[in-house]
Amino acid sequence: MKTIFSKIINKEIKADIVYEDDDIIAFKDIYPAAPIHILFVPKKEIQNLAYATEDDLILLGKIQLAIAKVARDLGIDKEGYRVVSNIGDFGGQTVQQMHYHLLGGKKLGTKMD
Ligand code: 5GP
């Protein structure tokens, strides 16, 4: 099933893209939960981390390194930031295409729910 993120990947709908390569796209979250809130989405359709396989090993590594690069480029690597991936119903996932949230730009709380 096509998600809103597939439409962003295919440039059918607009997003504020901050990073893109052959495998990954990253864009600002439309409802930011922190001063910096960027979503990193693999272009390959994977519902969430629970559906990733050995075939996705390199892709998973690339996403994490892309997050670290963007955080460095934004100058938040020294002060720190948070990386989150919501998985399934109990994890609070609302868009059924694997993605990681990069949150930063302020001191984040310790509460995780
Ligand atoms: P989830 O809840 O699945 O972990 O995260 C989905 C995220 O996608 C939410 O933080 C939500 O604000 C964001 N989002 C939903 N629809 C759109 C959209 O059309 N454009 C952008 N840029 N973000 C979206």
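I started at Ile-30: one of its backbone N or O atoms lies 3.3 Å from a nitrogen atom of the ligand. I count a polar contact as a pair of N or O atoms within 3.5 Å. The model is predicted, so local features need pLDDT of at least 70 and side-chain atom pairs pLDDT 80 or more, while totals for chains, interfaces and linings use all residues. Residues are numbered from 1 along each chain as its sequence is written, and side-chain values use heavy atoms, without hydrogens and water.

Next I checked Lys-28. A polar backbone atom of Lys-28 is 2.9 Å from a ligand nitrogen. For His-101 I looked at the side chain: an N or O atom there is 2.8 Å from a ligand oxygen. The protein covers 83% of the 520 Å² of accessible area that the ligand has on its own (Shrake-Rupley method, 1.4 Å probe).

Then I listed the shell. I find 16 residues around the ligand (a heavy atom within 4 Å). The closest are Lys-28, Asp-29, Asn-86, Thr-94 and His-101. Eight shell residues are nonpolar, six polar and two charged; Gly counts as polar, and Asp, Glu, Lys and Arg count as charged.

Which elements give two or more residues to the shell? I noted α1 (4-9) and β2 (24-28). α1 gives the most, with three residues. Helices are DSSP runs (H or I) of at least four residues, strands (E) of at least two.

Last, I looked at Lys-14, in the loop between α1 and β1 (17-20).

Notes:
A polar contact is a pair of N or O atoms within 3.5 Å; within protein, one must be able to donate a hydrogen and the other to accept it, and residues adjacent in sequence count only if both atoms are side-chain atoms.
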